[in-house]
Amino acid sequence: MDKVAEGERTGVLLVNTGTPAVPRPRAVRKYLAKFLMDKRIAPMNRIGWWFVLHLFILPKRGVASAEKYAKIWTDEGSPFTIAHEKLAAGLGAAFDDEGLNAMVRCAMSYSDPSVLSCVRAFKEAGCTRLVALPLYPQSAYSTTGSVSDSVEAALKKAHWNVPCDFIDNYHDNPTYIRAIAASIEHAGFKVDSDDKVLFSFHSIPLVDIEAGDTYELQTGATSLQVASELGIDRNRWTIGYQCRFDKGREWLTPFTRDVLTRWAEADVGRVFFICPNFAVDCLETLYDIDYELKPFYFDQINQAGRVPGGEAFTYVPCLDRSRAHLRVLADVLRPHLEEVPRG
């Protein structure tokens with residue numbers, strides 16, 4: 001990275017997927033429409049997909065998803081939004097303490113605050129460089145690639161021609177690996193036991209992998225390094241993929257539900273379930289795991305003729321707004337920032 005002149009300020013942009021403004025059908029439809037019309041997400045040509053999405057999918061999914069969001073909403077609002085606000089504030093304070101001249105903001109790909117609004121804020125604040133970090137530890141065409149599109153478009157629309165460092169992934173960052181391993185142990189995982197770890201990642205279409213997406217390699221590398229940090233053998237952990245969007249395409253497997261079914265039949269003992277590619281807890285973790293995957297696993301145990309114990313399934317929360325997460329993000333970003341004295 002080229003050195004920058006003393007006193008110049010860097011804009012640090014953290015980007016994640018987004019969330020509806022409120023847990024109501026209209027707001028959810030608006031959010032999902034923007035999300036699912038992304039060219040990297042849409043499963044068919046955009047014109048045909050627009051009609052399918054707006055006439056058949058959103059009317060039903062808007063209501064169903066709003067009910068799910070309502071179950072995870074807090075008195076303060078969206079837990080997803082709150083966590084990102086805390087992360088931005090915490091990172092900004094940490095960089096100030098280190099003498100790093102940085103302005104930190106969080107943006108959302110499909111909701112507010114937008115990437116464009118944050119880029120304009122950096123420009124107005126006099127920043128002369130930009131560092132963009134998608135909050136997806138494992139990069140994928142449909143996530144990190146979409147953020148890259150948004151950042152590029154925002155820079156052009158804001159007429160802001162500045163150097164930009166784009167951090168593609170941090171799947172093997174040592175601080176990240178240690179933080180994930182520590183979170184598993186903090187949840188109660190015992191190394192000297194028969195406890196198992198299920199690393200569950202968001203699935204992606206196989207066509208993306210066939211086109212060169214390295215997401216599967218990154219999920220495997222992350223899981224292997226976390227298991228190594230824990231000091232457990234290969235028979236103590238496995239990988240699953242969740243959140244398949246449609247059945248019209250082939251998706252990366254094994255599916256998480258299939259793994260849980262096999263483990264329920266095999267009576268593997270306590271399962272510690274973690275989603276390392278979600279930086280912050282969201283609908284797919286706060287709702288899907290507690291209301292769908294955990295009950296599904298218990299039902300599979302019952303079908304196998306056993307009664308599930310209270311400790312049979314433990315969800316390990318995302319790093320979220322924790323101090324450990326702040327340390328991870330600071331470690332990932334620090335090499336891209338220029339330390340300058342403050343006058």
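Buried residues are those under 20% relative accessible area, exposed residues are over 50%, and partly exposed residues fall in between (1.4 Å probe, protein chains only). The model described here is predicted, so local features need pLDDT of at least 70, side-chain atom pairs count only at pLDDT 80 or more, and totals for chains, interfaces and linings use all residues. Residues are numbered from 1 along each chain as its sequence is written, and side-chain values use heavy atoms, with hydrogens and water left out.

Helix α1 comes first in this account. Helices (H or I, at least four residues) and strands (E, at least two) are DSSP runs, numbered from the N terminus. Helix α1 covers residues 25-36. The expected span of a helix is 1.5 Å times one less than its number of residues. For the 12 residues of α1 that gives 16 Å, and the end C-alpha atoms are 16 Å apart, which agrees. The buried residues of α1 are Ala-27, Val-28, Tyr-31, Leu-32, Ala-33 and Leu-36. Their cover includes α2, where contact means heavy atoms within 4.5 Å.

The domain assignment gives domain 1 (10-170 + 323-336) and domain 2 (174-315). Such bounds come from an automatic or database domain assignment. The C-alpha centres of the two domains lie 24 Å apart. Their contact takes 29 residues from domain 1 and 25 residues from domain 2. Buried area is the accessible area (1.4 Å probe) that two parts lose on being put together, summed over both. Domain 1 and domain 2 bury about 2200 Å² between them, with 67% of it on carbon and sulfur atoms. On the domain 1 side, Lys-68, Ile-72 and Gln-138 lose the most area to domain 2, together 27% of what that side buries.

Salt bridges were examined next. Side chains of opposite charge can pair when their charged atoms come close. A salt bridge is a side-chain nitrogen of Lys or Arg within 4 Å of a carboxyl oxygen of Asp or Glu. The structure holds 10 of them. Across the interface of domain 1 and domain 2 the rule finds 1 salt bridge. Lys-68 pairs with Glu-292, and the closest N and O atoms are 3.4 Å apart. Lys-68 lies in helix α2 (residues 46-72) and Glu-292 in helix α10, so the pair ties together parts that are 224 residues apart in sequence. Lys-68 is partly exposed, at 24% relative accessibility. Glu-292 is also partly exposed, at 26%.

Further pairs join other parts of the chain. Asp-165 forms a salt bridge with Arg-129, with 3.6 Å between the closest N and O atoms. Asp-165 sits in strand β4 (residues 164-166) and Arg-129 in strand β3 (residues 129-134), 36 residues apart. Arg-129 is buried, with a relative accessible area of 3%. Arg-306 forms a salt bridge with Asp-267, the closest N and O atoms being 3.5 Å apart. Arg-306 lies in the loop between α10 and β8 (313-316), and Asp-267 in the loop between α9 (256-266) and β7 (271-274), so the pair ties together parts 39 residues apart in sequence. Arg-306 is partly exposed at 24%, and Asp-267 is partly exposed at 48%. Glu-98, Asp-331 and Arg-334 are linked in a network of salt bridges.

An unreviewed UniProt entry annotates His-202 and Glu-284 as "binding site". UniProt positions are given in the numbering used here, feature names are shortened, and annotations may be inferred rather than shown by experiment. His-202 lies in strand β5 (residues 196-202) and is partly exposed, with a relative accessible area of 25%. Glu-284 is placed in helix α10 (residues 283-303) and is partly exposed at 24%. Leaving aside neighbours within four places in sequence, His-202 contacts Tyr-215, Tyr-241, Gln-242, Cys-243, Asn-277 and Phe-278.

Most residues other than glycine have a negative phi, and most peptide bonds are trans. Cys-243 has a positive phi, near 65°. This residue, Cys-243, lies in the loop between β6 and α9 and is partly exposed, with a relative accessible area of 21%. His-159 also has a positive phi, near 50°. His-159 is located in the loop between α5 (144-157) and β4 and is exposed, at 68% relative accessibility. The peptide bond from Asp-112 to Pro-113 is cis, with omega near -5°. Another cis peptide bond joins Thr-253 and Pro-254, with omega about 10°.
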